[in-house]
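Biologist: I would like to learn how to read a protein model step by step, from the overall layout down to single side chains. Could we take one structure and go through it together?

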Amino acid sequence: VASGRLDLALAWAGNQETPHAERLGELPMCWIGAADRDIPFPTREPWPLVALEAPCLLRTAATNALDSAGVPWRVAITSPSLAGIWAGVSAGLGVTVRTPIGLPPGLRLLNADELGMPPLPRLPLMLHRSDDVLAGAPARLAEILRAEVMRLIAADPVPRTKASPLAYS
């Protein structure tokens with residue numbers, strides 16, 4: 001968007017802002033594991049993480065949360081794709097941190113309190129526009145994206161926990 005090659009970009013808020021960015025809301029980051037498997041958290045072994053290649057905002061949030069809580073961890077699988085992350089977690093090789101949006105069948109949100117997992121922050125979602133006012137197809141796409149994100153945020157599939165009450169803005 002900043003280089004002028006894109007009219008719109010829907011992205012997690014990172015270190016780069018664009019002149020015409022709109023914050024659509026925040027989504028909670030959640031610990032996610034396989035639905036039909038025990039959570040692979042050995043008591044004295046590092047927790048196995050399944051993560052995208054670095055740099056990744058969600059990977060960094062997971063490792064920072066574990067480090068802050070003094071919990072040892074290791075990267076069990078690194079993948080360049082979200083499909084690889086889902087496959088590794090579905091196979092029970094570790095857990096990951098993602099938002100609850102688009103959670104595939106066979107995976108579940110983990111209750112951080114029950115498992116003694118550290119709480120995670122929320123992640124702002126931004127709509128970056130090339131111009132302050134868009135017209136035509138880019139304007140319509142921005143409307144569709146905005147409405148769909150609001151619908152997903154309103155669905156609120158995340159269980160509340162004592163350690164990390166979640167609210168959307």
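Biologist: How many helices and strands does the chain have, and in what order do the elements run?

Modeller: In this model, which is predicted, the chain has 4 helices and 8 strands.

Biologist: What share of the contacts join residues at least 24 apart, and what share of the residues is buried?

Modeller: Take the contacts between residues at least 6 apart in sequence: 81% of these join residues that are at least 24 apart. As for burial, 40% of the 169 residues in the chain are buried. The accessible surface of the chain is about 9100 Å², and carbon and sulfur atoms account for 54% of this area.

Biologist: How should I read a nonpolar core, and which residues have the most contacts inside the largest one?

Modeller: The general idea is that, in soluble globular proteins, nonpolar side chains tend to be buried together. Here the largest nonpolar core has 27 residues, and Met 29, Trp 31 and Val 97 are those with the most contacts inside it. At least two residues of this core come from each of β3 (30–34), β4 (47–52), α1 (57–68), α2 (82–90) and β7 (107–109). Of these elements, α1 gives the most, with 5 residues. There is also a second, separate core of 10 residues, and among them are Leu 8, Leu 24, Leu 27 and Ala 139.

Biologist: How far apart in helix α4 are Arg 140 and Glu 143?

Modeller: Arg 140 and Glu 143 are 3 residues apart in helix α4, so about one helical turn separates them. Their side chains meet in a salt bridge, at 3.2 Å from N to O. Arg 140 is partly exposed at 47%, and Glu 143 is partly exposed at 44%.

Modeller: A further pair in helix α4 is Glu 148 and Arg 151, which are 3 residues apart and therefore separated by about one helical turn. The side chains of Glu 148 and Arg 151 form a salt bridge of 2.5 Å, N to O. Glu 148 counts as partly exposed at 35% relative accessibility, as does Arg 151 at 48%. Through salt bridges that share partners, Glu 22, Arg 129 and Arg 146 are joined into one network.

Biologist: Let us end with Glu 26 in strand β2. Is Glu 26 buried or exposed?

Modeller: The cut-off for buried is under 20% relative accessible area, and Glu 26 has 10% relative accessibility, so Glu 26 counts as buried. The side chain of Glu 26 makes a polar contact of 2.4 Å with the side chain of Arg 122.

Terms used:
Residues numbered from 1 in each chain as written. Predicted model: local features only at pLDDT ≥ 70, side-chain atom pairs only at ≥ 80, totals over all residues. Heavy atoms only, no water. Core = buried A, V, L, I, M, F, W, Y, C linked by side-chain atoms within 4.5 Å. Buried < 20%, exposed > 50% of the residue type's maximum accessible area, 1.4 Å probe, protein only. Contact = heavy atoms within 4.5 Å. Areas by Shrake-Rupley, 256 points an atom, 1.4 Å probe, with all protein chains shown as cover. Salt bridge = Lys/Arg side-chain N within 4 Å of Asp/Glu carboxyl O. Polar contact = N/O pair within 3.5 Å; in protein donor to acceptor, adjacent residues only side chain to side chain.
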